[in-house]
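Student: I have a model open and want to learn how to read it. Can we go through it feature by feature?

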Amino acid sequence: MSAWTGAVLNVAHDVPDTGVRALADTWFYNISAKEIDEIPLTLIEVYSGIDETSADRAAVLARAVLDSPREPQTLYGGVIYDPSGTAAEKILRTAFRRSCSREATHGLLDLAVSDDRPRHQHPDHPMRVIQDMAHYLDPDLGPVDTLRDRILKYALEWFDEDPNAARWEMLAEVTHYVFDPRVEGNWSDPGSHLTVTMSQGVMTPQAMGSLLAHWNTIDSRVRGHAASSITHRAVAEFCEIFDSWSAIAVGNTHHEGEASTEHRVIGARGAELVLSTLAVLAKRFTGVPIRVNKRLALVSMWNGGPTTLAELPVQDDHLALFVGAQEPDDDIDVWMADRREQLTSLARALDKVTAVEGVAEYGRLVAEASVLDGNHDGAAFSSTLAEHTTNPGEWLEASISANARHLVAPLITKARADGVAIDDLVKSAIKVPELRPEALRAITHEDCELDDLAHTVIDGLTDDDVPLIGDLWIQESVTPILRELLIHKRASVRAIAAVTFGEGVRGREPALPEELRPAWRTALVGAAPDQLPHRSRWRLGEILKHAVTKDPELCADWFIANAKTTGFSSRARRMVESFPDVFRNLPQDQKRRIVTTLDSETLIHSGYAGDVLGTDMKLASDLLAEGFIDGEVLLRSMSGYRDHTVAALAPALMAAQVAPHRIVAAALGNRSGNGDESNAILSDLEFFAKLRKQLPELDEVCALAAEELGRELEAALAKEKQPTSRLVETWRHLSPCDRRHDARYPVFNLE
């Protein structure tokens, strides 16, 4: 039944037949009346692509699924998976991409409110989907400008339902995408999916002019009662729009194309409109004038002189000192010296008020600076401020109360250097999750002897704290605290201390004193990759690479110790990129020690078998002859790809009288790569042809492999030939207008 339904939906998707459409609608009405867990969401997704009406219906159903209580599944490794929710989200994305319908737009915006994933890293992020369609460029029709009108209209409807702070941020982001004049698209050649075209440009001047006619819908809301809940993040998005239009006003399109005179004229008009809105916001958000004026300085440089756009008056002297202002032609050394003076002046001014008032002003400056581009989170200023506080204890107490995390570490350092008793304050900060990293960092980076507070902090470290102190390697000398960490009760803490030393790692790290080498060696052998932060894993790999020639026994000890730990696997081993090189370059006696010490299952599960035996033909043969391993271990040591493990292990397997067809099956177990399968098979055939010449004793194995690959090649060619030729022939006979109804391209009903 589902196959028949899928066929009907696909026909309704591609053919505007009223009878087929009636069948599809009837099916949807019947299925939507069922319980949610009985609805085939995959077919609903197909239905959503028929037209705007079906997209709206499917989106309403998807939103109902997302609003309903669901029991998520727990997968291997503790991963939580919500199949119904995932399918419903996919319906919303598909429906929006096909028609930008009202309900799909509202559904995506609802999802976006709670989705804090980085947009650029996640193409399925709701706001990324909206951005892609706002900038959509069709391969045949060019920009579909009316999509922006539709997206803005539905986003405004959604916002007006409940104009709160979270919705302001989503509306501002959508507004940024809609009013960004860029268009971009990418598509594959229908005759070869390996050929991809990527195109970028700007809207036509006429389309930009039509778009500006909608700016009043944003401006009126900024000036209206709804503006009371607008946030700094939303204001920053509006500033981005000004950046885009002011650049076009002086001919900068941020891509290879040039802006025409018409583009410049409409760009200047758009910049003026947005600037008038920002002038209203500048009365409440004092960072706006600073950002606008910085942009105008850059635009004037591009223009070769001032533009007609007027600067906004800066009313916030403290904020001006906090963020600074660098002109494009400023000398960097002079500017940096001036910045130090500005920050010092600001720090002294804040120290003149009470600690509570000073911390509050610091927080205000960080918030106001968030509308600027670049990083102005207050971290750079915090050290200068702490240095000039006359009562760091009071400031620390106020910072903890206000959760001003960037102030905590430098104030702890300042207070302890001044001899202020802050033990209770530090202990209270450690109990706050947001402040714990700062407190730990302040204590672990001290270079003096440990006092009671330092002992308490160090003794209380947990496995979860290891990433928080992962920058110990920036220290240039061995401190008393580093010595203490090296003998800590927790293996993960000892490990982070061990990789801090510069044994084979290029940098300014502290050198390892000989008296600490035994403790360091013990700590390093117990260093588990999955308990170390990324940089520390890299350092572990570099230390082991260095030890291959200086102390190969250390490498073998590490591999043996970690393979025996619970949870170690080939995945954990792959966390450190240098491990395969370390294995290959180990002396044979250390490789032998690894294999003979570990049992067969541990060798296979850890991935060591392929790394050790699969790279050393002689060692594999010797250990097989001596009875330490058998043919089954060698078969499971092969990677399944056509690589060095075949050449290293196949001769030993033949000598052990393992059946050639089993060797071939192990050698052909996996295939990866892009492009036609036939090309990959031809490459495999070439591999075995070369192997046959290099190792004549593998003649039978290579012959069997060639026979099997020959059958696979015939099947692959038969599968590839007909669909491709039919697709190309069909494409050649389609007019540009007809091509847009191809399933690969969005279908828009814009009447």
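Student: Within what distance do the axes of helix H10 and helix H13 come, and at what angle do they cross?

Tutor: Some ground rules come before the answer. This is a predicted model, in which local features need pLDDT of at least 70 and side-chain atom pairs count only at pLDDT 80 or more, while totals for chains, interfaces and linings use all residues. Residues are numbered from 1 along each chain as its sequence is written, and side-chain values use heavy atoms, with hydrogens and water left out.

Tutor: Helices (H or I, at least four residues) and strands (E, at least two) are DSSP runs, numbered from the N terminus. Axes are lines fitted to C-alpha atoms, for helices over the stretch in contact, and angles run from 0 to 180 degrees between N-to-C directions. Here H10 (residues 205-212) and H13 (residues 261-281) have axes that come within 9 Å and cross at roughly 15°.

Student: How is that angle classed, roughly parallel or roughly antiparallel?

Tutor: Angles under 35 degrees count as roughly parallel, over 145 as roughly antiparallel, 65 to 115 as roughly perpendicular and the rest as oblique. H10 and H13 are therefore roughly parallel to each other.

Student: Which residues meet between H10 and H13?

Tutor: Contact means heavy atoms within 4.5 Å. On the H10 side are Pro 205, Met 208, Gly 209 and Leu 212; they meet H13 residues including Glu 262, Ile 266 and Leu 273.

Student: Now Arg 642. Where does it lie?

Tutor: Arg 642 is in the loop between helix H35 (631-637) and helix H36 (644-655).

Student: Is Arg 642 buried or exposed?

Tutor: Buried means under 20% relative accessible area, exposed over 50%, partly exposed in between (1.4 Å probe, protein chains only). Arg 642 has 16% relative accessibility, so it counts as buried.

Student: Which backbone oxygens does the Arg 642 side chain reach?

Tutor: It reaches that of Gly 640 at 2.7 Å and that of Ala 667 at 2.8 Å. Leaving out residues up to four places away in sequence, Arg 642 touches several others, among them Asn 670, Asp 684 and Phe 688.

Student: How many disulfides are there?

Tutor: A disulfide is a pair of cysteine sulfur atoms within 2.5 Å. The whole structure has 0. Cys 239 counts as buried because its relative accessibility is 2%. Cys 555 also counts as buried, at 0%.

Student: And what is the overall picture?

Tutor: The protein has 40 helices and 6 strands. Buried residues make up 48% of its 751 residues.

Note on methods
A polar contact is a pair of N or O atoms within 3.5 Å; within protein, one must be able to donate a hydrogen and the other to accept it, and residues adjacent in sequence count only if both atoms are side-chain atoms.
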